[in-house]
Amino acid sequence: MKTEKEKMLAGEVYFGNDKELVAERTKAKRLLHKLNVTEYIMNGNSRNIVQQLLPNSNKRIYIEPPFHCDYGYNIHSGENVYFNVNCVILDSTKITIGSNVLIGPGVHIYSSTHPLDANERRIIQISKPVSIGSDCWIGGNAVICPGVTIGNGCTIGAGSVVTKDIPANSLAVGNPARVIRNLKE
């Protein structure tokens with residue numbers, strides 16, 4: 001029988017208030033408090049906190065506090081990733097970010113979602129992985145929804161809500177975001 005954490009990581013229906021998951025979110029919140037309140041500037045101490053919080057991300061990641069995530073360990077990134085202020089990552093399952101990615105202020109990336117049925121929503125959750133390719137720029141206040149893949153070399157316009165996959169080298173804008181041009185043409 002799978003644990004609730006194993007179900008969560010597999011993208012299956014799971015119970016989010018499981019003791020193990022609550023403890024792991026609490027651990028992440030303690031590290032986030034240190035990053036967002038105690039340190040608040042990127043220095044040696046904050047880099048150590050980021051490495052503890054995001055153990056599956058490259059060491060060459062830069063975060064402007066405040067920053068928020070659920071677990072941290074589900075965020076996988078390449079090198080030269082920059083998060084501007086007020087980013088929120090709901091990482092109940094794997095979120096993959098390539099190398100050389102700029103993430104603007106107030107960007108939200110969600111792998112967590114909920115059933116549409118109100119009764120089910122009271123007790124279970126669902127997670128869908130998110131992938132952002134290398135050499136992308138995600139504009140400020142964009143929202144990346146669960147299950148979305150953004151290809152390499154994309155630019156997502158500020159304030160866009162990405163609900164569907166975006167092919168490589170695309171400029172996508174709007175709510176919902178739609179591709180308005182290929183950046184290689």
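A residue is called exposed when its relative accessible area is over 50%, buried when that area is under 20%, and partly exposed in between. The legends below use these words for a predicted model.

**View 1. Asn141 in a loop between two strands.** Asn141 lies in the loop that runs between strand E12, residues 137-138, and strand E13, residues 143-144. Its relative accessibility is 53%, and because a residue over 50% is called exposed, Asn141 counts as exposed.

**View 2. Asn80, another asparagine with a positive phi.** Asn80 is placed in the loop between strand E3 and strand E4, the latter covering residues 81-83. The phi angle of Asn80 is positive, at about 60°, and yet Asn80 is not a glycine. With a relative accessible area of 29%, Asn80 is partly exposed, because this value falls between the limit of 20% for buried residues and the limit of 50% for exposed ones.

**View 3. The cis peptide bond between Pro65 and Pro66.** In this view the peptide bond that joins Pro65 and Pro66 is cis, with an omega of about 0°. Pro66 has its place in the loop between strand E1, which covers residues 61-63, and strand E2, which covers residues 67-69.

**View 4. The cis peptide bond from Asn175 to Pro176.** The bond leading from Asn175 to Pro176 is cis, and its omega is near 0°. Pro176 belongs to the loop that lies between strand E17, residues 170-173, and strand E18, residues 178-182.

View 5. Lys5 is part of helix H1, which covers residues 4-9. Is Lys5 buried or exposed? Its relative accessible area is 19%, so Lys5 is buried, although this value should be read with the limit in mind, because buried means under 20%. When its neighbours within four places in sequence are left aside, Lys5 is in contact with Glu20, Leu21, Glu24 and Tyr73.

**View 6. An open sheet of four parallel strands.** The strands of this open sheet follow the order E3-E6-E11-E14, and their pairing is parallel. Strand E3 (75-77) and strand E14 (149-150) stand at the edges with a single partner strand each, so one side of each of them is left without a neighbour in the sheet. Strand E6, residues 95-97, and strand E11, residues 130-132, run parallel to one another and are joined by three bridges. Within this pair, Ile97 stands opposite Ile132 of E11.

**View 7. The whole protein, as a setting for the close-ups.** The protein has four helices and 18 strands. Its radius of gyration is 16 Å, close to the 16 Å that the globule rule gives for 185 residues, so the protein is as compact as a globular protein of that length. The C-alpha trace spans about 50 × 45 × 25 Å along the principal axes. Buried residues make up 46% of the 185 residues, while the accessible surface comes to about 9,400 Å², with 52% of it belonging to carbon and sulfur atoms. Among the contacts with a separation of 6 or more, 27% are between residues 24 or more positions apart. The protein has 20 positive and 16 negative side chains, and the centres of these two sets lie 2 Å apart.

How values were computed:
Residues numbered from 1 in each chain as written. Predicted model: local features only at pLDDT ≥ 70, side-chain atom pairs only at ≥ 80, totals over all residues. Heavy atoms only, no water. Buried < 20%, exposed > 50% of the residue type's maximum accessible area, 1.4 Å probe, protein only. Contact = heavy atoms within 4.5 Å. Pairing = 2+ DSSP bridges. Rg over C-alpha atoms; globule rule 2.2 N^0.38 Å. Areas by Shrake-Rupley, 256 points an atom, 1.4 Å probe, with all protein chains shown as cover. Lys, Arg positive; Asp, Glu negative; His and termini not counted. Charge placed at Lys NZ, Arg CZ, Asp CG, Glu CD.
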